[in-house]
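Please keep the sequence and the model at hand while reading.

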Amino acid sequence: MHFASDNTAGVAPEIMAALAAANAGNVASYGADPLTGAVVEHLREIFEAPQAAVYLVATGTAANALACAVLTQPWGAIFCHRNAHIEEDECGAPEFYTGGSKLVLVDGPHAKMDAAGLRATIAHTARAGVHNVQRGMVSLTNATEAGTIYTPAEVAALTAVARDYKLPVHMDGARFANALVSLGCTPAEITWKAGVDVLSFGGTKNGCMGVEAVVIFDPARAWEFELRRKRGGHLFSKHRFLAAQMAAYLEGDLWLRLARQANAMAARLSGGIAAVPGASLTHPTQANEVFAAFPRAAHRAAHAAGASYYLWPFDQSLDGPDAEPLAARMVTTWATTEAEIDAFLAHLR
């Protein structure tokens, strides 16, 4: 009953096998190996973007921070949701890699910005000219930190606001596969066709050991990214081991199959929790994260049985009245089973 994070799951067997296969022999380093070239072409095909520049890094933080660094200046504002991952979980990495850009936070229900709120925030920025941080870029997360999803139309509405102010747009897609299979659209429709300039394409949370792709739809930004990646210490010498993961991840649409499993388990978990007396969902379940509140007694029973998940927010306590509801976050993975879900629900009931 492991629902703490999709970072806690192991590596998908297909990806582990690809890593072992890549270990044979000697190949060129720093991304000059044949596997990397094949991965670049495969991602261009998936995104219907033959001119896109594609780069691999090992962490989502590096992907997001380096992407932001090529989209704005040190005096630029990065407009993002108050609960965006780059705001809550990256220890100032975007500010560090951009040389000082400021995260300017936008509110909105269920961790999603809306076009009106984004426009009002952008319009309020740089009102005193040189004395203020300037308008820099927009970053949105899909799927969001609340497990919700921006549709192509919602993305297009946000990027239209950004375009009105001549701002580029980044998408944090650490759970991009989970969002995509839920939407049923194409990768192009939710990214560059909707106005996104740079995507952080996640693999680590969805069965890889540690690899993310940065897909830059405007190749004019590519060289700067290469320089920043090297200067920031994120150009792997044994690059084939990043490429091997990504190649296996994409082969035969494994990335989509793994995401469908995680999403299906989240739907099963969400539906089961909703049926528990005194329980309720605090955010819609649209990907592989379930946010719900249920009685403290049920939390105690689940924890006593060995279930792992987070109370959300963290400052809640298992000490107190049995009937009082406590909110929690539960994350399912490619490896989550129906038996795990059903055992967890039995303890809640």
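## Basis of the description

A salt bridge is taken here as a side-chain nitrogen of Lys or Arg within 4 Å of a carboxyl oxygen of Asp or Glu. By this rule, Asp6, Glu145, Arg175, Lys205, Glu289 and Arg329 are linked in a network of salt bridges, and a search of the whole structure finds 17 salt bridges.

The model is predicted, so that local features need pLDDT of at least 70 and side-chain atom pairs count only at pLDDT 80 or more, whereas totals for chains, interfaces and linings use all residues. Residues are numbered from 1 along each chain as its sequence is written, and side-chain values use heavy atoms, with hydrogens and water left out.

## Two domains and their interface

The domain assignment, which is automatic or taken from a database, divides the protein into domain 1 (11-252) and domain 2 (255-347). The C-alpha centres of domain 1 and domain 2 lie 28 Å apart. Counting as contact any heavy atoms within 4.5 Å, 27 residues of domain 1 are in contact with 19 residues of domain 2.

The size of an interface is often given as the accessible area lost when the parts come together. With buried area defined as the accessible area (1.4 Å probe) that two parts lose on being put together, summed over both, the value between domain 1 and domain 2 is about 1900 Å², and carbon and sulfur atoms give 56% of it. In domain 1, the residues that lose the most area to domain 2 are Arg175, Asn178 and Val181, which together account for 25% of what that side buries.

## Polar contacts and the composition of one side

A polar contact is a pair of N or O atoms within 3.5 Å, where within protein one must be able to donate a hydrogen and the other to accept it, and where residues adjacent in sequence count only if both atoms are side-chain atoms. Across the interface of domain 1 and domain 2 this rule finds 12 residue pairs in polar contact, both residues being at pLDDT 80 or more.

Helices (H or I, at least four residues) and strands (E, at least two) are DSSP runs, numbered from the N terminus. The elements that give two or more residues to the side of domain 1 that touches domain 2 are helix H1 (13-22), helix H8 (176-183) and helix H11 (240-250), and the largest share, 6 residues, comes from H8.

## The salt bridge between the domains

The count between domain 1 and domain 2 is 1 salt bridge. Glu289 forms a salt bridge with Arg175, and their closest N and O atoms are 3.4 Å apart.

Buried means under 20% relative accessible area, exposed over 50%, and partly exposed in between (1.4 Å probe, protein chains only). Arg175 is buried because its relative accessible area is 4%, and Glu289 counts as buried because its relative accessibility is 1%.

## Two further salt bridges

Arg119 forms a salt bridge with Asp164, the closest N and O atoms being 2.8 Å apart. Arg119 lies in helix H6 and Asp164 in helix H7 (residues 152-164), 45 residues apart. Arg119 is partly exposed at 34% relative accessibility, as is Asp164 with a relative accessible area of 49%.

Arg82 forms a salt bridge with Asp107, with 2.7 Å between the closest N and O atoms. Arg82 is partly exposed at 38% relative accessible area, and Asp107 is partly exposed at 47%.
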